[in-house]
Amino acid sequence: MIAHLASLLGGLVNGGSPIAAFSSALLGLSGVAGIAVLSRFLLSPPWSGHVLKGATIALVVLLAVSLTGYFLPLDRYIELGDNRQYYEALRLALLWPTRLLTAGLGQLAWEHANIAGYFFALGLIFTLESIAPGKQRHGLKWIFCSFLIAAVFLTGSRNAWVVLIVSLPLLLIFRPPSLFLKTLGILLLGFAMGQGCLELKKHLLESTPATATSPVVPTVDQHVSGLIERGSMGRSGTYPAIWTDLENNRLLGKGLAETGKPFANMMHEHSIFLAAFRGGGFIALGALLAIIALAAWSALRLFFTGTRWPLLLLAATVVHCTFDQSSILRYSGKHLFLFFWIAVCVPLLVKPTPRPSSPDRAIP
């Protein structure tokens with residue numbers, strides 16, 4: 001409420017339309033409230049079990065369709081979107097099915113491999129969390145994890161790798177060394193499978209007639225080095241540019257209507273935190289950090305009672321949103337708003353349980 005109020009005032013002070021300012025704030029607040037109610041409903045018995053089962057089935061189907069579609073010339077038959085700059089093999093891999101998924105969730109489909117990478121990285125984290133207690137054999141789940149790693153590799157999403165780098169230590173800490181070794185094994189296996197997929201895709205393209213729009217499949221070295229060579233893609237310049245842009249509006253910002261728009265030489269803020277600062281100044285940014293800190297405190301309490309999954313969900317999603325586009329204070333239809341607020345609401349809604357005799361608990 002504080003963040004939205006600051007953004008509302010920031011828009012009014014900067015000459016924005018009162019109707020637009022009020023509607024943005026009202027839609028954002030109602031969206032957050034709706035997601036909180038939905039999260040409570042989905043977490044309550046017996047829905048929690050159905051939701052987990054449904055999400056698992058959706059992830060399996062998504063992975064199967066994506067990996068199959070990766071080897072088919074879908075771009076010849078299906079209009080994949082308008083962002084042609086992302087449509088070389090390095091960035092387009094596995095994108096089309098995730099566009100359908102986000103559209104099916106009522107969100108605008110953003111043509112970027114970061115979304116595919118987020119889904120597959122989060123699916124890997126939750127699958128490993130279900131394996132971690134080790135009370136039964138999980139051969140098929142380990143194989144599934146290796147395919148998820150291959151999918152993350154093929155997306156070429158730096159964002160997805162950062163999500164894994166942050167989340168996997170949280171998943172493995174205080175767990176038996178055997179889990180670490182097995183996880184390392186499937187990471188290496190998945191990486192090798194991803195390399196094989198690149199080579200197979202290249203072979204398939206070479207064996208079919210070339211067209212003007214035929215993608216160029218990079219070598220493994222080009223694919224891996226491309227993650228490093230792209231660097232920050234100029235995003236580090238966003239920070240001084242926003243600081244200068246808000247020279248006289250740093251307390252209240254310029255209003256939510258200004259978020260997501262181009263400024264300086266940037267397409268948008270490339271971060272929920274910068275978007276909050278631009279929309280509502282230091283007040284909105286401080287409020288956003290406060291609610292994340294509160295959710296993190298609740299997630300840590302759950303973590304130390306044996307329920308790890310809310311912290312894993314929060315960490316993965318906040319990291320993903322830190323380097324992606326859109327504002328999570330404005331209900332714009334982008335997927336970030338939905339997934340960010342679910343990740344924040346869940347730790348605040350799950351009740352701590354007594355510490356179990358076993359140090360591990362599977363996700364409910």
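Arginine 250 lies over the face of tryptophan 243, 3.8 Å from the ring centre. The model is predicted. Aromatic pairs number 11 in the structure.

**Aromatic pairs**
- A pair of aromatic rings is described by the distance of the centres and the angle of the planes.
- Phenylalanine 303 pairs edge-to-face with phenylalanine 304, at 5.2 Å centre to centre and 90° between the planes.
- Phenylalanine 303 is buried, with a relative accessible area of 8%.
- Phenylalanine 304 is partly exposed, with a relative accessible area of 43%.
- Phenylalanine 340 and tryptophan 341 also make an edge-to-face pair: the centres are 5.0 Å apart and the planes stand at 85°.
- Both phenylalanine 340 and tryptophan 341 are buried.

**Aromatic cluster**
- Tyr118, Phe119 and Phe339 belong to one aromatic cluster.

**Helix packing**
- Two packed helices are described by the angle between their axes and the distance between the axes.
- Helix α12 spans residues 272-303 and helix α14 spans residues 335-349.
- Their axes come within 7 Å and cross at roughly 35°.
- The crossing of α12 and α14 is left-handed.
- On the α12 side, the contact residues are Ile272, Leu288, Ile291, Ile292, Leu294, Ala295, Ser298, Ala299 and Leu302.
- On the α14 side, they are Leu336, Phe340, Trp341, Val344, Pro347 and Leu348.
- By class, the contact of α12 with α14 has 14 nonpolar residues, one polar residue and no charged residues.
- Phe340 and Trp341 take part in this helix contact, and they also form the edge-to-face pair described above.

Key
Residues are numbered from 1 along each chain as its sequence is written. This is a predicted model: local features need pLDDT of at least 70, side-chain atom pairs count only at pLDDT 80 or more; totals for chains, interfaces and linings use all residues. Side-chain values use heavy atoms; hydrogens and water are left out. Rings of Phe, Tyr and Trp (its six-membered ring) pair if their centres lie within 6.5 Å; planes under 30 degrees apart count as stacked, over 60 as edge-to-face and the rest as tilted. Buried means under 20% relative accessible area, exposed over 50%, partly exposed in between (1.4 Å probe, protein chains only). A charge sits over a ring if NZ of Lys or CZ of Arg is within 6 Å of the ring centre and within 35 degrees of the ring normal. Axes are lines fitted to C-alpha atoms, for helices over the stretch in contact, and angles run from 0 to 180 degrees between N-to-C directions. Helices (H or I, at least four residues) and strands (E, at least two) are DSSP runs, numbered from the N terminus. A crossing is left-handed if the near helix is turned anticlockwise from the far one by less than a right angle, and right-handed if clockwise. Contact means heavy atoms within 4.5 Å. Ala, Val, Leu, Ile, Met, Phe, Trp, Tyr, Cys and Pro count as nonpolar, Asp, Glu, Lys and Arg as charged, and the others, Gly among them, as polar.
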